[in-house]
Structures are given as structure tokens and as C-alpha cells.
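Open the model in a viewer and follow the stops below in order. Each stop says what to select and what is there.

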Amino acid sequence: MRKLFVLLFGLILAGSVLAKEAPPAVPDPALEKRTMALAEELRCLVCQNQTIADSHAELAIDLKNQIREKLKAGMSEEQILQFMVARYGDFVLYKPPVKATTVPLWFGPFALLFGALAGLFYYLLRRRRSAAPQPLSEAEQARVQALLDSPEERR
Amino acid sequence: MVPELGHFALILALCIALVQSTLPLAGAARGNDAWMALARPAAQAQCLFIALAFGCLTYAFVSNDFSVKYVAEHSNTQLPLAYRVAGVWGGHEGSLLLWTLMLGLWMFAVSIFSRSLPQEMVSRVLSVMGMIGVGFLLFMLFASNPFERLLPAAADGRDLNPLLQDPGMVFHPPMLYMGYVGFSVAFAFSMAALIDGRLDATWARWSRPWTTVAWSVLTLGIALGSGWAYYVLGWGGWWFWDPVENASFMPWLVGTALIHSLAVTEKRGAFRSWTVFLAILAFSLSLLGTFLVRSGVLTSVHAFATDPKRGIFILVFLAVVVGSSLTLFAWRASKVGLGGRFALVSRESMLLTNNALLLVAAGAVLLGTLYPLVLDAFGLGKISVGPPYFEAVFVPLMAPALFLMGIAPLARWKQASLPELAVRLRWALAVSFAAAIIVPLAMGHWSTMVGFSLLLAAWIAATSVVNLKAKLAHAPKGGIGARLAQLPRSYYGMLLAHLGIAVFIVGVALVKGYEAETDVRMEVGDTAHLHGYTFRFTAINEVKGPNYTSERGTIEVTRGAEPVVTLNPEKRLYTVQNMPMTEAAIDAGFTRHLYVALGDSITPTAWVVRIYHKPFIGWIWGGCLLMGIGGLLAAFDRRYRARARAGSAQLTTAAGLNASPAR
Amino acid sequence: MLRARFLIPLAVFAVVVGILGVGLTLDPREVPSPLINKPAPAFNLPQLAQPDKTISQKDMLGKVWLLNVWASWCVSCREEHSTILELARSGVVPVLGLNYKDERADGLAWLARLGNPYQISAYDRDGRIGIDYGVYGVPETYVIDKAGVIRYKRIGAVTPEVVRDKILPLVKELNGNA
């Protein structure tokens with residue numbers, strides 16, 4: 001009876017030792033990190049504006065698998081993005097490529113900034129040189145005097 | 001019966017709105033007191049009827065009246081009560097009614113808190129708001145009726161989207177809409193000024209608190225949305241530059257420019273036509289946002305499901321409101337005048353630069369949001385513009401504005417001296433550089449992005465301290481407590497709001513630079529480690545909720561030997577729509593969040609668990625909260641309420657003095 | 001008095017409204033194919049009905065043909081099926097099927113029940129070839145010319161109007177260049 005007890009106790013002890021440090025969810029975390037980094041730049045085509053990293057759609061999962069395989073096979077990030085663009089067009093990139101049609105997009109804000117600051121500077125300079133305020137008329141002068149002479153307002 | 005009552009209330013509200021938009025305006029032009037006197041009661045009655053309609057729709061939801069089509073589409077008998085109420089604004093029709101309700105409430109507020117405003121001004125303001133009400137009520141009654149019947153009634157509803165079954169849904173849309181619609185008050189004030197042909201410092205003093213409150217509420221509304229996305233989407237993201245998010249951010253940026261511009265118009269009488277333009281722009285962007293969410297023109301997770309017919313209506317409404325206001329602006333802005341003079345280096349010019357920078361930033365966001373549409377419209381192909389673009393463009397644009405934030409509050413009105421400012425600020429600059437170098441190294445490793453961001457944040461904080469010290473030094477004698485108490489609320493509002501931005505930047509920079517994550521496969525009993533914390537997966541249980549079933553994990557977190565917290569991430573399945581949802585478990589600490597989410601279950605006993613350590617992420621929303629509080633503090637400054645004491649006689653004198661000389 | 005510069009905001013707004021108006025007629029979710037006028041991506045897949053035989057796009061060189069991507073789980077495919085059947089029966093253009101991410105048994109049963117318009121169906125179990133063709137939502141249909149170049153892609157169900165207005169004229173034109 002006691003032997004049984006000891007055996008049971010030993011098994012329980014062994015069982016608790018089996019509770020381990022959790023292994024990574026994927027066999028190759030470094031590869032997964034690169035996959036996800038790339039997946040976050042690509043748009044899920046069947047979703048309402050999500051990256052394929054965030055999406056659980058089947059196509060998104062398929063594409064993530066493709067990315068992982070290609071990274072493992074040695075393709076570069078740039079090559080994989082080109083792979084996707086060749087099949088789905090520029091729509092699949094969340095960072096729009098710089099081409100003739102996107103020049104206004106990429107350079108517009110800075111052109112706008114430059115233009116706004118330049119315009120502002122020019123405007124401020126021009127105002128500085130504009131005429132001094134017109135002198136008050138007789139009637140206005142009298143009103144000013146009346147107000148100044150009236151009892152002090154409480155602050 | 002009740003839905004019909006609600007429908008009828010909307011029709012009555014429309015009739016009142018039609019009266020409100022015409023007679024008081026005509027009365028102001030003709031000097032007809034009787035017509036002008038209609039404005040306030042009309043606004044109040046309109047608000048009442050819209051509220052009644054809203055109440056009827058809420059009743060339909062709460063009582064599970066599935067003979068109303070909208071209720072059948074967005075509710076369910078098993079939906080908890082809070083979400084049945086929140087479900088009222090869960091879809092297109094109901095959210096429009098919420099929008100209109102907010103308009104009614106703002107109208108009501110204006111009608112009450114404007115006792116000492118000139119009668120003509122109140123009439124014009126309320127008329128313009130009435131016109132906006134007419135547009136929305138017409139839209140609802142003809143194209144988006146929330147009270148449309150579904151006969152035969154559905155046995156049960158299709159349930160509210162599980163993503164929306166969350167406390168966030170209760171607070172975020174109402175706050176957001178309150179902010180959006182609040183800009184209609186500044187808009188109406190601007191229209192009134194253009195129609196009148198007069199705009200003075202008094203006008204600015206009247207419009208300013210309304211605009212600041214709207215801005216504060218919008219800040220809080222956007223922050224709530226961001227926080228909600230953070231904990232509900234399961235990936236810890238909090239801003240995606242999604243078209244609908246941008247649609248709320250653009251009015252915010254312009255609104256920020258507006259409150260600063262109003263400050264100058266109030267204090268110095270300058271920037272008048274510019275302020276009017278900004279008010280029009282801010283509200284136009286609010287309306288544009290309404291269009292983008294509901295028209296189907298852009299793809300977004302936040303978009304309502306609608307048809308193009310509705311899109312046309314909103315576009316026409318947008319074109320009419322904004323088009324007519326910009327036409328009025330083009331025609332009358334020069335009458336309003338330019339205002340006071342100021343030097344090239346002065347607080348005015350710095351604020352104007354701030355405005356320019358904010359507007360360029362808003363323009364960049366607008367460009368990025370609409371560009372795919374522009375290319376498609378011209379047949380030049382389809383592209384996507386997402387976070388990589390916005391982050392690359394927005395941050396460099398804002399950096400100069402943030403730098404300026406430190407200098408402008410110290411600059412003098414009308415004429416400031418750069419050398420003098422440099423002397424006053426040299427220590428602040430030194431401290432900022434020190435902080436920018438020390439903190440990243442203390443956090444673990446150097447990052448230029450973090451360093452630069454912290455430089456700006458520390459700069460804002462340090463210059464605020466310099467500013468406060470200077471203000472205290474100039475205050476009349478007394479202990480520090482007495483001197484602090486003497487400073488106006490609006491000053492503290494500014495200080496708090498600016499500090500809020502600094503806090504926000506710190507949060508963003510540190511979490512982006514030093515976030516840690518680990519994805520592990522856990523069975524019951526397993527442990528994982530991250531950033532000095534130990535996560536032990538102790539149990540997984542099946543839990544039944546009111547309208548969902550859930551797998552609920554228990555994760556015990558310890559640090560060394562000290563227990564920290566027990567977290568319960570869940571994987572839910574909402575039964576009606578058969579939709580899975582991840583409920584992350586977050587331990588929200590002041591200096592870090594521990595974020596745990598369940599991934600897929602590999603076997604019934606083994607789960608993928610995602611664990612994140614996010615340093616200082618709470619500061620993102622903390623900063624927004626400070627901004628919102630700062631704004632509200634400034635809006636309730638005593639001087640806005642002193643006007644009741646001052647009486648209208650003094651105001652007329654002030655108005656006469658400030659009227660522009662040349663007509 | 002009207003100053004020119006105050007009109008600028010109105011002008012900009014008018015342009016924006018114009019663009020938004022055009023936007024209402026467009027579908028932001030439709031992704032046009034970059035493969036138009038490019039060679040059809042190569043494939044060498046097992047046939048659906050006869051797994052030991054293969055089918056390749058090379059087999060169709062010299063002919064104008066249609067590639068229709070379908071699946072038994074796809075609801076819209078059911079809607080367009082009668083149109084595809086009619087087109088195939090008319091004999092104007094051969095139609096090949098690409099059974100996308102489906103179970104072989106399910107695909108065959110679907111064809112048996114609803115009719116088989118395809119000369120041959122290629123079986124793309126894991127969807128790789130679909131990705132090569134830029135498939136993102138079934139059904140999708142390609143018109144490929146005698147040199148093996150994709151000339152037209154229809155995203156979504158093929159309707160009789162699409163057949164009449166787009167597919168048939170194009171096929172006729174491509175065949176006329178003999």
C-alpha cells in the first residue's frame with residue numbers, strides 16, 4: 001500500500017516537472033518576424049482595409065505562407081514585394097511606389113510646406129511695410145478721451 | 001406606435017428647422033424683432049423633437065421591437081441592455097440620428113448661453129445651424145429613415161456586430177459626434193459675421209469657448225476610439241491612418257489651428273478673415289468625414305454599409321453647405337478686414353506659422369486619403385496609401401510646429417526679439433538635449449527616432465516650466481500658492497494641453513522604440529518570460545456569456561517572486577453572427593502595459609499566446625486626456641462668464657471701438 | 001468687393017467635389033489586374049476529373065480561350081454558371097476551368113449536379129496558381145489569345161451583358177487575326 005502511495009506521489013511530482021518553459025509558437029521566430037514585417041506592408045485584398053499581417057482571411061494566410069517560404073528560400077524583401085505587385089498591382093502595397101503618377105503624392109506635402117512658409121514669409125514682410133494706421137478723426141478722438149476719463153473698470 | 005411617433009417627431013423637427021433657418025435670418029436683415037425672437041424657442045423645440053425621436057428609437061431597441069428594420073438589423077434579444085442602447089448608433093440611420101441629436105443639443109446650448117449676445121447675431125447663428133439641421137433631417141426622412149418598418153417583423157434580430165459590443169461603443173461615437181457637430185457652432189458664428197459684414201474681438205470672445213469645448217470633446221472622442229481599437233483588435237495597434245480615422249483627424253488639426261487663430265483674433269483683433277476661413281474649413285472637414293464614412297467611396301473597417309444613392313445626397317448637401325459658405329467667404333471676407341499689425345517676429349507671426357504648419361499637415365492627410373480615389377477617377381490605376389506613407393510624411397511636417405510650441409508662448413505680442421528668446425530658452429534647450437540622450441540609453445538602447453521625439457517632448461515641457469516661472473515672477477506679490485491661484489484658468493488650460501502633447505509624444509516614442517513581444521505555444525502549466533516578467537498559463541475554461549461562448553485562459557503574472565496580476569484573455573464566439581473575437585487581457589500600469597492575447601488553439605490543450613510588454617503606452621491616451629481637460633479648463637475661464645456681469649452697454653462700446661475703419 | 005485670392009478655397013473645393021462625385025461611380029474594392037497584355041502565368045496542374053493527367057496553359061497555344069476560376073464553395077460561381085454553360089455550348093470559344101482551393105470530390109460533384117462547361121478543369125488545390133494569376137475573389141475569368149497573352153480579366157460573376165459586350169467581341173477580334 002505504501003509503495004503504491006510513493007509511486008503515485010512520484011508520478012505527480014514528475015508530472016509537475018513536465019510543465020515547461022513555453023516554446024515559441026513558430027519553429028523559426030526570426031523568420032516569422034521578417035515575415036510579419038513584410039506582411040504589415042501588404043494590403044489584404046479581400047478585407048476592408050487591413051494588412052495581411054492582421055487579417056485572418058484565407059487569401060491573407062496563403063500569402064503569408066508564400067512570404068515565409070520565399071524568405072526561407074532566400075528571396076529578398078524587395079523581390080517578394082515585386083512578386084506581389086506583379087500579380088496584384090500597386091494596390092497591394094501600403095507604401096505607394098514613387099512613380100510618375102505618385103509624384104504629387106510624395107512631394108506634394110513638402111511642396112505645400114515650402115509654399116505655405118514662403119507665402120507666409122512674403123505676406124508678413126508685406127504687412128510690415130504697409131501704411132501705419134490712419135489717425136483718428138475728431139469725433140473718434142473725442143470718444144477716446146471720454147472713455148479714458150470715465151471711472152476705472154474693474155479688472 | 002412608438003416608431004411612428006418618432007418618425008412624426010422628426011417631421012415636426014424638420015418643419016421647425018425650416019422656420020428656424022429662414023425667419024430669424026430675415027428678421028436680422030430687416031430688424032424685425034418678432035422674427036428674430038423665434039430663433040431661441042425654435043432651436044429649443046427642434047432639440048426637443050429630435051430628442052423625442054431619439055428616445056423612440058432607443059425604446060424600440062430596448063424593447064426588442066424587431067418590426068423596425070433598423071432594430072432588426074442591429075440588435076438581438078440576447079444582446080445586453082447597454083449594447084442595445086449603444087446599438088442605436090451602431091448603423092448608418094441611427095448614427096445619423098445621433099449626429100442630428102448632437103446638433104440639437106448644441107443649438108439648445110447656444111440658445112441658453114447667449115443671453116448677452118446681440119439679438120441679430122443669435123438669430124443668424126441659430127438660423128445657420130437650423131439650415132444644417134434641415135439638411136440632415138431631410139436626408140433622414142427621405143433616404144435613411146431609422147423608423148422604417150419591417151413587415152412581417154423578424155423573429156429575432158441579426159445582432160450588433162460583435163466588434164461593437166464593448167464599452168467603447170457606448171462612449172466613443174457620442175463624444176466624437178459631439179466634437180464634429182460642435183464645430184458647426186464656430187461655423188455658424190463665422191457665417192453670422194460674414195452676413196453681418198463685421199467681425200471684432202467680441203465676436204472672437206463669443207466663439208472661442210464654444211470652439212474650444214468642441215475641440216476638447218473631439219480630442220477625447222478620437223482618443224477613446226484609439227484606445228478601444230487598441231484593446232479590442234488583439235494586436236495592440238492604436239492608429240492605422242484608415243480613411244475614417246483620418247476623417248476625424250483632419251477636423252482636429254484644423255480645429256487646433258482655429259482655436260489658436262481665435263486667440264489672436266480675441267486678444268489682438270488680427271487674423272479675422274483667416275479665422276473665419278478656418279471655422280468654415282473645420283466644419284467642412286467634419287461634413288466631408290460624414291460623406292467618406294457613408295458613401296462607399298473609400299474602403300474602411302469603419303465604413304457603414306450604404307448605397308451610392310445616399311452618397312449622392314450627402315455629396316450634394318456637402319456641396320451646398322460648403323460651397324455656399326465659401327462663396328459667402330469669397331464675397332464678404334474682405335469686409336471683415338485684416339486686423340492689427342504685428343512684426344515679422346512676434347507671437348502673432350508664430351501663431352500664424354503654427355496655423356500654416358497645421359494646415360499643411362491636414363492637407364497632407366487629405367492628400368493621402370483621397371489620392372487613391374484621384375488616380376482611379378482619372379483612370380491612372382489603383383494604389384493604396386497606408387501607414388508607411390502617412391508616417392513618413394506627417395512626422396516631419398509636425399516637428400517644426402512642435403518646436404515652435406516651445407517658443408511662441410514666451411514671445412511677446414506685436415513685437416518679439418529672437419535674441420531675447422534665445423537667452424531665455426537656452427537652459428530649456430540644454431535640458432531637452434540631456435533628456436533626449438539620457439532616456440533612450442536608460443531604456444536599453446539608443447534610437448535616433450526616440451531621441452528626436454523625446455527632444456521635442458522635453459522641449460515642450462521645459463519651455464512650459466520657463467513660461468510658468470516667468471508668469472509667476474510677474475504676478476503681484478504673495479506666496480507661491482496665491483500667485484498660482486491668480487493665473488487665469490485659460491493659462492492653465494494652455495499649459496495642460498501643451499503638456500498633454502509632450503506626454504503623448506513620449507508615449508508614442510517609447511512604445512515604438514522599446515516594445516517587446518513574444519509568441520509562444522503554451523499548455524496548461526507552461527511559463528513564458530518577457531522583460532523580467534514571468535507568465536504562467538494556469539488554466540483554460542469554457543465560459544458562457546449572454547450572447548457568446550468563450551474559452552477563457554488564466555495567466556498568472558509574477559515578477560521575481562512578487563505576484564503582479566492575473567490576466568484572463570478570452571477567445572469568444574458570438575453565437576448569432578457566428579463570429580470569433582479575441583478579448584485581450586491588459587494590465588494597464590502607469591509605466592507599462594502587459595498585453596496578453598490568445599491566438600489559435602493548436603490542440604484543445606495547447607494555445608498560441610501572444611504576450612506584449614508595451615512601455616509607457618498609457619501615456620498616449622493620458623496625453624490626449626490632458627489635452628481634453630486643458631481645453632475644457634480654458635473654455636471655462638472666468639472672463640467668458642464675466643460677460644454676464646459686464647452687461648451689454650459695455651459690449652456695444654467695445655464693439656464700436658474695434659470696428660474696422662475702412663469699409 | 002471680391003478679391004481673387006478669396007476664391008481659391010472655393011475653386012479647390014469644386015475640384016474635390018468633382019473627384020468625390022466621380023468616386024461615387026467607382027468601386028474602391030475592385031483590383032484591376034496587372035497581367036493584362038502579359039503572358040499567362042505558366043502552370044502544369046493535374047486535371048480535376050483525371051488526376052493522372054496534367055493540363056498546362058501551353059496546351060492551349062494557337063487558340064483563343066477562356067480560363068474560368070471557380071470553386072464548389074463559391075456562391076457567385078453558381079450565379080454565373082448558366083452563362084458559362086451557354087457560352088461553352090455555343091462553341092465560340094473553348095473554356096477551361098481552374099478549380100481553386102477545393103476538394104476534388106466536391107468539385108466533381110458540383111459539376112455533375114450543375115453541368116460541366118469546361119473542356120478540362122485544372123485542379124489548383126492550394127491556390128498557388130490562383131495567386132500567380134492574381135486571383136483574390138472567385139469567380140474570375142480571363143480571355144487569353146493565341147500567343148498565350150492575357151487580354152481581359154473579369155472580376156466577379158460573368159453576366160450575359162459582359163459576354164455580349166466584352167467577351168464575344170474580344171474573342172472575335174482575337175480570332176480574326178489569323
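Start with chain C and select its open sheet of five strands, ordered S5-S4-S3-S6-S7 with mixed pairing. Strands here are DSSP runs of E with at least two residues, helices are runs of H or I with at least four, and both are numbered from the N terminus. Two strands pair if DSSP finds at least two bridges between them. At the edges of the sheet lie strand S5 (121–124) and strand S7 (150–155) of chain C, each pairing on one side only. From one strand to the next, the twist averages 20 degrees.

This is a predicted model: local features need pLDDT of at least 70 and side-chain atom pairs count only at pLDDT 80 or more, while totals for chains, interfaces and linings use all residues. Residues are numbered from 1 along each chain as its sequence is written, and chains are lettered from A and ligands numbered from 1 in the order in which they are written.

Next, select strand S4 (residues 95–100) of chain C, which runs parallel to S5(C) and is joined to it by four bridges. Within this pair, C:Leu98 stands opposite C:Ala122 in S5(C).

Now move to C:Lys146, in the loop between strand S6 (140–144) and S7 of chain C. Leaving aside neighbours within four places in sequence, the contacts of C:Lys146 are C:Leu61, C:Gly62, C:Lys63, C:Val64 and C:Leu174 (contact: C-beta atoms, placed from the backbone, within 7 Å). Select C:Asn175 as well: its C-alpha atom is 8.1 Å from that of C:Lys146, and the two residues are 29 apart along the chain.

Then show chains C and B together. Here 20 residues of chain C are in contact with 26 residues of chain B. The chain C side comprises 16 nonpolar, two polar and two charged residues.

Chain B is as compact as a globular protein of its length, because its radius of gyration is 27 Å, close to the 26 Å that the globule rule gives for 663 residues (taken over C-alpha atoms; the rule is 2.2 Å times the number of residues to the power 0.38). Buried residues make up 56% of the 663 residues in chain B.

Methods: Axes fitted to C-alpha atoms, helices over the stretch in contact; angles between N-to-C directions. Buried ≥ 20, exposed ≤ 12 C-beta atoms within 10 Å, placed from the backbone. Contact = placed C-beta atoms within 7 Å. Nonpolar A, V, L, I, M, F, W, Y, C, P; charged D, E, K, R; others polar.
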